[in-house]
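Colleague: Before I use this model, I'd like to go through the labels on it with you. Can you bring it up?

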Amino acid sequence: MTTIGIIGAGEVGSQIARAAIAHGYQVVIANSRGPETLDDLIAELGPLARAATAKDAALAGDFVVVAVPLKMANNMPADELANKIVIDTNNYMIWRDGNYPLIDAGLKTEHELRQEQLPRSKVVKAFTTIQAPRITTWGKPTGAPDRTALGVSSNFPEAVALATRLYDQFGFDAVEHSPLSESWRNGPGQPAWKQEHQTRSELVANLAKARPIAG
Ligand SMILES: NC(=O)c1ccc[n+]([C@@H]2O[C@H](COP(=O)([O-])OP(=O)(O)OC[C@H]3O[C@@H](n4cnc5c(N)ncnc54)[C@H](OP(=O)(O)O)[C@@H]3O)[C@@H](O)[C@H]2O)c1
C-alpha cells in the first residue's frame, strides 16, 4: 500500500488526505502544532491515517505533499524529504507571505525557490488552482467531457507523471507546464488561475495567455 506524507493539515492538506484515503492510500499527516492537535481529523479519516511530526510524515511518505506556504528560510524537513517526490500546493500570496524580490522581478518562481530549499527532492507544483473543498467534490471519471483540468509543473518528468496519476485517480485531467520556471503561468492573477473550472483545452489556452505580473 502506498503511503502519502502530508505536511500541512489545513484546507488543502486535509482535503488531499480525504481524497487519498478515499482512493486507498495510507496517509501520515502533520501540522506545525504537533500530532496531538490532529485527533479530530484522524478520527474522521479512519484507520488508514495517522498524525505525525513533519519530519515523520516526510520519512513515512513514499511521496510527500507540502501544503504549507513558502517561507524565506526553509521550514520543511529537507533531509527527510531527500530523494522523494514533493507535491507543492503553494501559491505566492503577497498579502500573506510578504514580498519575495526574486519572484516580483520575474527571476524565479515560488516553486523554483521551493526546489532550491529542497535540493535533493523532486518538487512538482500541483493542486494550486482548485479551491480545497473541490478536491473531494469535483472529480469526474476519465474521459468525462467537462472534467476539470489542473496544471502540473516540475523539473522532473517522473514527478509530473506521479502528480498526473494522482490527478487522474482523484478525477482530474492534467496539463503540464514544465519546467518550474514556467510554473508562474497558472499563478495568482493569471487567466488559468481566475477560471477555476477549465477543461483541458481551456487550460491549455489559458496557460498560453499568461503574462508576467509585476509584484
Ligand atoms: N485554501 C485553498 O483553497 C488553496 C487552494 C490551492 C492552493 N492553496 C495553497 O496551498 C498552501 C496551503 O494552503 P491552506 O489553505 O491549506 O493553508 P492553511 O489552511 O493555512 O493550512 C496550512 C497548514 O500548514 C501547517 N504548517 C505551517 N507551517 C508548518 C510547518 N513548519 N510544519 C508543518 N506544518 C506547517 C499549518 O499547521 P498549523 O495550523 O498547526 O499552524 C496548517 O496545517 C498555501 O500556499 C495556499 O496558497 C490553497
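Predicted model: local features only at pLDDT ≥ 70, side-chain atom pairs only at ≥ 80, totals over all residues.

Modeller: Residues are numbered from 1 along each chain as its sequence is written.

Colleague: Fine. What makes R165 count as exposed?

Modeller: A residue is buried if 20 or more other C-beta atoms lie within 10 Å of its own, exposed if 12 or fewer, and partly exposed in between, with C-beta atoms placed from the backbone. R165 has 11 C-beta neighbours inside 10 Å, so R165 counts as exposed. The residue is in helix α8; helices (H or I, at least four residues) and strands (E, at least two) are DSSP runs, numbered from the N terminus.

Colleague: And why is L166 called buried or exposed?

Modeller: Buried, because L166 has 25 C-beta neighbours inside 10 Å. L166 also lies in α8.

Colleague: What does α8 lie across?

Modeller: Helix α8 (residues 157-170) lies across β4, β5, β6, β7 and β8, and runs at about 160° to β7. Axes here are lines fitted to C-alpha atoms, for helices over the stretch in contact, and angles run from 0 to 180 degrees between N-to-C directions. Contact between two residues asks for C-beta atoms, placed from the backbone, within 7 Å.

Colleague: How do you know which strands stand at the edges of the sheet?

Modeller: Start with the order: the open sheet of eight strands goes β3-β2-β1-β4-β5-β6-β7-β8, with mixed pairing. β3 and β8 each have a single partner strand, so one side of each is left without a neighbour in the sheet. Neighbouring strands are turned by 25° against each other on average, direction ignored.

Colleague: What makes β1 and β4 a pair?

Modeller: Two strands pair if DSSP finds at least two bridges between them. β1 (residues 3-7) and β4 have four, in the parallel sense, so they pass by that rule. I4 stands opposite F63, and the bridge partner of I7 is V66. On to β5 (residues 85-88): three bridges join this strand to β4, again parallel, and V66 stands opposite D88 there.

Colleague: How do you know that both faces of β4 are covered?

Modeller: F63 and V65 on one side and V64 and V66 on the other are all buried. In a regular strand the side chains alternate between the two faces of the sheet.

Colleague: Which residues of α10 are buried, and what puts them on the same side?

Modeller: L203, N206 and L207 are the buried residues of α10 (residues 200-208). They cover an arc of only 100° around the axis, which puts them on the same side of α10; the arc is that of the directions from the helix axis to the C-beta atoms. S201 and A208, on the other side, are exposed. The buried residues pack against β7, β8 and α9.
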